[in-house]
Amino acid sequence: MTSSEILFDSPADPVVEGPVLQVEDLHVSFPSEAGRVRAVRGLSYQVSPGEVLGIVGESGSGKSVSSLAVMGLLPESARISGSIKFQGRELIGRTDAELSKIRGRRIAMVFQDPLSALTPVYTVGDQIAEAILVHRGGAVSKQAANKRAVELLDLVGIPNAAERAKAFPHEFSGGMRQRAVIAMAIANDPDLIIADEPTTALDVTVQAQVLQLLETAQEVTGAGIVIITHDLGVVAGFADRLMVMYAGRAVETGKVDEIYQQPRMPYTLGLLGSIPRLDVGEKQALVPITGQPPSLTDLPPGCPFAPRCPMVVDACHTAEPPLIDVDGSPEHRAACIRTGEIAATDTEGAEAAAEIFGAEVVEEPEIAKVPREQRDIVLELDHVVKEYPVNKGVVFKRRVGTVHAVAGISFDIREGETLGLVGESGCGKTTTLMEILGLEKPMGGEISVLGTNVSSLDSKRRFEIRRDMSVVFQDPMASLDPRLTIHDVIAEPMQVHGYGKDEINRRVPELMRLVGLRPEQLSRYPGEFSGGQRQRIGIARALALEPKLVVLDEPVSALDVSIQAGVINLLEELKSKLGLAYLFVAHDLSVVRHIADRVAVMYLGKIIEIGEVDSVFDAPRHPYTQALLSAIPIPDPVKERQRERIILTGDLPSPANPPSGCRFRTRCFLHASLPPEQQRTCIELEPPREVQAPDHEAACHFAQIRQVL
Amino acid sequence: MAGFLLRRLVNYVVLALVATFLAFTLASATFDPIGVLQQRNPPPPAASIEAKKRDLHLDQPIPQRFVTWMGGVVQGDFGRTITDRPITDELGRRIGVSLRLFLLGITLGILFGVLIGVVSAIRQYKFSDYFATLFSFILLSTPVLVLGNLLKIGAQSINDSIGSNVLIFVGETTPGFQGNWFEHLGDRLQHLILPTLAIALGQIAYYSRYQRSSMLDVLGSDFLRTAQAKGLTRRRALMKHGLRTALIPMATLFAFGFGLLVVGGTFTERIFTWYGMGDWLVTGISAQDTNITATVTLFVAVCVLLSGWLADVLYAALDPRIRVN
């Protein structure tokens with residue numbers, strides 16, 4: 001058998017007409033200490049051959065559990081009922097041995113976290129070959145399978161595939177590992193591919209690569225695809241149909257365009273309204289969905305979304321609404337008794353959401369009216385450098401190189417201003433942040449806080465100046481001591497800085513109210529709060545000393561979308577109310593566009609473009625910024641399908657060995673299109689940061705505007 | 001890689017020397033072989049005591065004695081015992097006895113320990129898991145002294161019920177046994193079963209606990225799910241991807257377990273009257289014999305350091321992530 005026959009063989013069983021996958025009234029429950037968790041409650045959907053179905057929902061909505069049920073990969077303790085028919089054959093009740101003949105052969109799966117999805121002790125090539133051998137061990141020799149594995153790696157865009165197949169997973173970057181997992185998934189030309197949050201753990205540029213690869217995979221295999229995500233942007237351009245899940249059930253299904261343009265269930269409306277839009281210039285009202293998803297152990301009767309719904313009426317609490325056809329379309333169905341009223345509103349999509357949920361644009365702070373140049377500088381970085389040695393050897397360490405983590409960056413933040421610092425992981429964002437927070441003399445360049453150069457500080461002044469600067473961390477779970485009460489958590493900075501007992505006791509409840517929490521909860525422990533509430537506690541702690549500058553390290557990236565909007569709104573209100581300046585580090589450019597006044601784009605330890613947020617987003621000058629912006633999906637199916645995506649090739653080069661001249665040139669599409677003499681400029685000369693427009697600088701020899709939104 | 005392991009090996013030679021020197025010094029400083037000699041009844045003549053002193057180099061300072069002894073060791077001569085028998089002759093035989101006992105015991109211990117640990121983890125909180133847990137804790141909390149004697153009693157009753165001496169628990173072979181090689185083998189096996197069991201049982205209990213927890217860590221891992229999603233049955237995914245990864249942290253345990261067991265088996269050797277290295281250490285100390293004590297210490301040091309070296313090799317072989325380039 002030749003390799004192409006392996007990929008395009010005729011299936012052993014006759015192809016059944018009708019849907020590839022048909023799920024009917026699926027129920028899944030797990031035992032827990034609080035009672036049975038009913039993770040999936042009566043879910044029905046189907047996928048036709050070649051169709052892409054997007055399943056959207058927050059964590060705990062049952063979207064992953066239902067697809068694991070299809071794969072037969074749920075733990076033994078799970079109780080499953082209903083029907084899952086794959087190509088007309090019932091899967092529920094099959095033994096593991098029977099299911100293993102279908103898994104990987106007819107239904108393939110791509111998982112969320114590529115870092116842990118591969119077995120660390122076998123080579124990538126062997127693991128792909130195994131997917132072939134396990135199903136056709138009799139017909140395909142080991143050598144043929146290995147050869148095929150190399151071809152597959154090549155197909156998914158791993159350069160130098162024959163060599164890389166011999167590498168172990170830890171030698172691959174996250175994006176490359178996800179490619180390897182996709183190679184495994186398409187190895188046997190499956191009829192259905194289930195992708196469970198396939199891009200969530202990846203950088204935006206890599207996310208764009210992986211999404212494109214999934215599209216290619218679908219074209220090559222002709223498989224139906226189920227793509228599970230919490231990000232409405234990811235599926236907008238890719239999916240044909242959408243299913244929104246809440247509390248273990250489908251609450252709205254329909255064609256992608258219908259759902260994005262005419263959502264008929266308040267939850268879907270809320271989700272759409274809660275996403276900051278990359279393509280909206282003017283200030284947009286973000287919809288926070290209050291409360292949390294319900295516990296699935298003992299659901300009260302009635303609509304499970306009712307406690308969080310702005311349109312709730314008494315009738316909502318009597319019975320759980322079934323999915324009903326809306327707008328006379330048989331494909332568009334929603335589970336809400338008030339769909340008619342939603343349809344009757346004049347506005348559409350996100351605007352309707354803002355209206356129904358009563359979300360308002362947060363007002364600009366007073367100080368924003370003062371021209372930027374006339375405001376005080378809160379933080380200033382001038383050609384700051386941070387390098388790490390690379391050591392080798394176990395017994396005798398010797399230095400073999402230098403990681404240029406931050407290679408001379410300059411920016412300033414003025415009073416009442418938010419600077420968004422963005423870039424891929426490994427670009428030096430976090431190092432910059434640590435340099436600022438450390439308040440130590442940098443290896444090179446200068447850092448000034450409130451006009452004081454930090455290298456001139458003695459330890460007493462350094463301690464004093466820490467009051468003016470505080471930090472909110474990314475992971476709200478890990479950044480609060482689980483053994484301190486909330487009161488102690490918020491009081492700690494004040495105790496350290498010698499506040500009196502009375503003042504602390506007065507300030508703490510005040511701070512709780514400020515971040516939208518009830519002071520009665522002060523005696524509780526962090527474990528009793530949800531992620532969004534914990535992040536609010538983290539913000540209260542950061543504000544305890546009345547700082548002038550708050551450093552926010554990815555403050556919303558660990559939160560569900562509906563919660564995220566609430567925290568973003570809170571940050572904006574606080575900034576306006578307290579006149580704070582923010583340094584907002586994020587990889588989500590949509591959030592940055594929404595919250596920041598200015599944005600700085602980092603690449604390999606350098607700022608390659610900086611400026612006023614609308615100018616940078618609407619008229620990006622640097623090819624990297626253009627690629628970064630074009631990689632971000634927009635939650636609008638019509639726009640998304642028309643967009644031309646700039647796909648960057650490969651991964652970030654090693655900061656230990658950055659390219660000469662312009663650091664971006666190895667991945668630059670503009671550089672690739674230039675004539676040789678101009679290319680030489682990129683290779684030999686490092687581009688300086690040059691003014692492109694008022695408050696807009698970019699570091700590119702051949703900077704030109706390219707609109708990508 | 002080879003260079004790295006070679007460097008390690010050189011370090012180990014130095015460490016073994018230091019350990020032996022310390023043991024030799026300590027033994028020389030505390031032992032009083034002449035005192036033992038003088039207490040004999042009737043006391044030996046003064047001339048023979050003087051001769052003994054010279055034989056044992058007691059007239060020299062301790063470091064010099066060590067250098068003299070070590071000079072012999074390098075040439076393969078470990079000196080003589082107090083009773084004036086060459087240690088080298090006995091050393092080979094005793095190492096053979098110990099290794100025969102422990103290699104088999106620890107091999108069985110590792111095999112069954114891993115097996116039981118894996119089954120316990122896969123069937124967590126099922127009857128078999130509780131059963132294995134209970135027995136492991138009973139075995140771990142029973143001193144070998146008690147376990148060995150219980151085994152003896154059990155063996156005796158088995159022998160009685162069969163009416164023939166199948167399980168023999170004294171010595172490693174029947175003195176003056178006559179027969180062909182096959183009958184000899186059978187005789188040795190009869191002697192081997194009980195002490196091997198005494199060692200293996202404890203090892204099984206110990207390893208199964210560690211294997212269980214390292215396997216539990218792997219059970220929830222994503223790569224196991226990926227393997228199943230590829231089409232491996234759960235059992236095959238568990239064995240090929242799960243167990244293989246769960247064995248990595250066990251490598252150190254296996255290696256050092258062996259190194260320490262060779263002397264830790266003193267009780268087992270005494271209970272079943274096997275004249276191995278552990279037994280020799282006790283004999284050496286009670287006879288106030290510096291040379292025997294130092295020889296056994298050197299042997300232990302070499303065993304432990306070889307184990308460490310073996311652990312490095314095993315680790316590198318099992319885990320590609322730590323291979324040194």
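In what order do the eight strands of the open sheet in chain A stand? The order is E18-E19-E20-E15-E21-E22-E24-E23, and the pairing is mixed. This is a predicted model, in which local features need pLDDT of at least 70 and side-chain atom pairs count only at pLDDT 80 or more, while totals for chains, interfaces and linings use all residues. Residues are numbered from 1 along each chain as its sequence is written, and chains are lettered from A and ligands numbered from 1 in the order in which they are written.

## The sheet of chain A

Strands (E, at least two residues) and helices (H or I, at least four) are DSSP runs, numbered from the N terminus. Two strands pair if DSSP finds at least two bridges between them. Strand E18 (469-472) and E23 of chain A are at the edges with a single partner strand each, so one side of each is left without a neighbour in the sheet. From one strand to the next the twist averages 20 degrees.

E21 (residues 598-603) and E22 (residues 606-612) of chain A pair in the antiparallel sense over six bridges, with A:Met602 opposite A:Ile607 in E22(A). E23 (residues 690-693) and E24 (residues 696-698) of chain A also pair in the antiparallel sense, over three bridges, and A:Ala693 stands opposite A:His696 in E24(A). The hairpin of E23(A) and E24(A) has two residues between the strands, and A:Asp695 there takes a positive phi near 45 degrees.

Helix H14 (residues 429-438) of chain A lies across E15 (418-422), E18, E19 (549-553), E20 (581-586) and E21, and runs at about 150 degrees to E19(A).

## Helix packing

Two packed helices are described by the angle between their axes and the distance between the axes. Axes are lines fitted to C-alpha atoms, for helices over the stretch in contact, and angles run from 0 to 180 degrees between N-to-C directions.

| Helix pair | Angle | Axis distance |
|---|---|---|
| H11(A) (266-274) and H19(A) (561-578) | about 50 degrees | 9 Å |
| H5(B) (87-122) and H6(B) (127-141) | about 135 degrees | 8 Å |

H5(B) is oblique to H6(B), and H11(A) and H19(A) are likewise oblique to each other. Angles under 35 degrees count as roughly parallel, over 145 as roughly antiparallel, 65 to 115 as roughly perpendicular and the rest as oblique. The crossing of H5(B) and H6(B) is left-handed, meaning that the near helix is turned anticlockwise from the far one by less than a right angle. On the H5(B) side the contact is made by B:Ile116, B:Val119 and B:Ser120, and on the H6(B) side by B:Ser128, B:Asp129, B:Ala132 and B:Thr133. Two residues are in contact if their C-beta atoms, placed from the backbone, lie within 7 Å.

The crossing of H11(A) and H19(A) is left-handed. H11(A) contributes A:Gly270, A:Leu271 and A:Ser274 to the contact, and H19(A) contributes A:Val561, A:Ser562, A:Gln564 and A:Ala565.

Helix H16 (residues 486-496) of chain A has the buried residues A:Ile486, A:Val489, A:Ile490, A:Ala491 and A:Met494. A residue is buried if 20 or more other C-beta atoms lie within 10 Å of its own, exposed if 12 or fewer, and partly exposed in between. The buried residues of H16(A) pack against helix H17 (501-514) and helix H18 (531-543) of chain A. After H16(A) comes A:Gly498, with a positive phi near 70 degrees.

## Single residues

Most residues other than glycine have a negative phi. A:Glu197, not a glycine, has a positive phi of about 45 degrees. A:Glu197 lies in the loop between strand E7 (192-196) and helix H8 (204-221) of chain A, and is buried, with 20 other C-beta atoms within 10 Å. B:Thr273 has a positive phi of about 55 degrees and sits in the loop between helix H12 (266-271) and helix H13 (277-286) of chain B. B:Thr273 is partly exposed, with 13 other C-beta atoms within 10 Å.

A:Asp382 is in strand E13 (residues 377-392) of chain A. With 16 C-beta neighbours inside 10 Å, A:Asp382 counts as partly exposed. Apart from neighbours within four places in sequence, A:Asp382 is in contact with A:Ser410, A:Gly445 and A:Glu446.

## Between the chains

In chain A, 29 residues are in contact with 22 residues of chain B. Helix H3 (96-102), strand E6 (107-110), helix H4 (124-136) and helix H7 (174-186) of chain A each supply at least two residues of the side that touches chain B.
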